[in-house]
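Hi,

Here is the structure I promised to pass on.

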Amino acid sequence: GEGLEALFTVRIPERPGAFNELYAALSQWNVTKFSYRYENPDHAFIFLGLKLTNHADQELIIPRLAEKGMEATDLTNNELAKAHMQHIVGGRSVVEHERLLRFTFPEKPGALKYFLRCLKMQWNCSMFHYRNIGGDVASVLVGLQVPPGDNDSFQTFASTLGFPYVDETSNVVYSQFLR
């Protein structure tokens, strides 16, 4: 297309609320890709695609994230990142009390922000894969650490969010490739 998608890797703190802070810092641009998998308790690496308004926007992103204490690397011209890494970010991880959900988000401004605001702060996001599949919907795969005592609250969250979802925690693909 117009060459207005920029790709980045961003290092953020591994704690509840960090995704929301990252999104808030970049909310003027539409997210086209967002991939993450829990690796360690200190920091997280996010693979991020943004649809820019113009080419000058690309120069604003890294300094804006640095102001928020996040390290970013521009991968826009990195062929390995474009051709392969965006499809295989993540992998296996042993995450205590992880629940895996697949959502369908409406592809409209504010849907991701709404989801992040609705998340309970005590539930750590252990995996996140956002894929704009064209048209009017996006596919979102989310891993959340939900302690057993929060199961009722979690069910209420998932069923009242307003986005269609499937609980994939028992899916064989999850157990063989991500767990």
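This is a predicted model: local features need pLDDT of at least 70, side-chain atom pairs count only at pLDDT 80 or more; totals for chains, interfaces and linings use all residues.

Thr9 has Phe47 as its bridge partner in β3. That pair belongs to an antiparallel pairing of strand β1 (residues 5-13) with strand β3 (residues 43-51), which runs over nine bridges. Strands count as paired here if DSSP finds at least two bridges between them. The elements themselves are DSSP runs numbered from the N terminus, with helices being H or I of at least four residues and strands being E of at least two.

β1 also pairs with strand β4 (residues 71-74), again in the antiparallel sense, over four bridges. There, Val10 has Ala72 as its bridge partner in β4.

Residues are numbered from 1 along each chain as its sequence is written, and side-chain values use heavy atoms, leaving out hydrogens and water.

Back to β3, where His43 is found. His43 counts as buried because its relative accessibility is 17% (buried means under 20% relative accessible area, exposed over 50%, partly exposed in between, with a 1.4 Å probe and protein chains only). Its side chain makes a polar contact of 3.1 Å with that of Arg11. For that term I used a pair of N or O atoms within 3.5 Å; within protein, one must be able to donate a hydrogen and the other to accept it, and residues adjacent in sequence count only if both atoms are side-chain atoms. Not counting residues up to four places away in sequence, His43 touches Arg11, Ile12, Pro13 and Glu14 (contact means heavy atoms within 4.5 Å).

The largest nonpolar core has 47 residues, and Val10, Phe105, Phe115 and Phe128 have the most contacts inside it. Helix α1 (residues 18-25) gives the most to this core, with five residues. A nonpolar core is a set of buried Ala, Val, Leu, Ile, Met, Phe, Trp, Tyr and Cys residues joined through side-chain atoms within 4.5 Å. Leaving out residues up to four places away in sequence, Phe105 touches Phe115, Tyr130 and Phe163, among others.

Leu116 lies in helix α4 and, at 8% relative accessibility, counts as buried. Beyond its neighbours within four places in sequence, Leu116 is in contact with Phe19, Asn20 and Tyr23.

Of its 18 lining residues, Pro16, Gly17, Ala18, Phe19 and Cys125 are the closest to its centre. α1 gives the most to that lining, with three residues.

On a 1 Å grid over the protein atoms alone, a cavity is a set of points where a 1.4 Å probe fits but cannot get out, and a pocket is an open set with protein on both sides within 12 Å along at least five of seven lines; lining residues have an atom within 4 Å of a point. Points are joined across faces, edges and corners, and a volume is the space filled by probe spheres set on them.

The second largest pocket holds about 240 Å³ of space. It is lined by 16 residues, with Asn30, Val31, Glu107, Lys108 and Pro109 the closest to its centre.

Cheers
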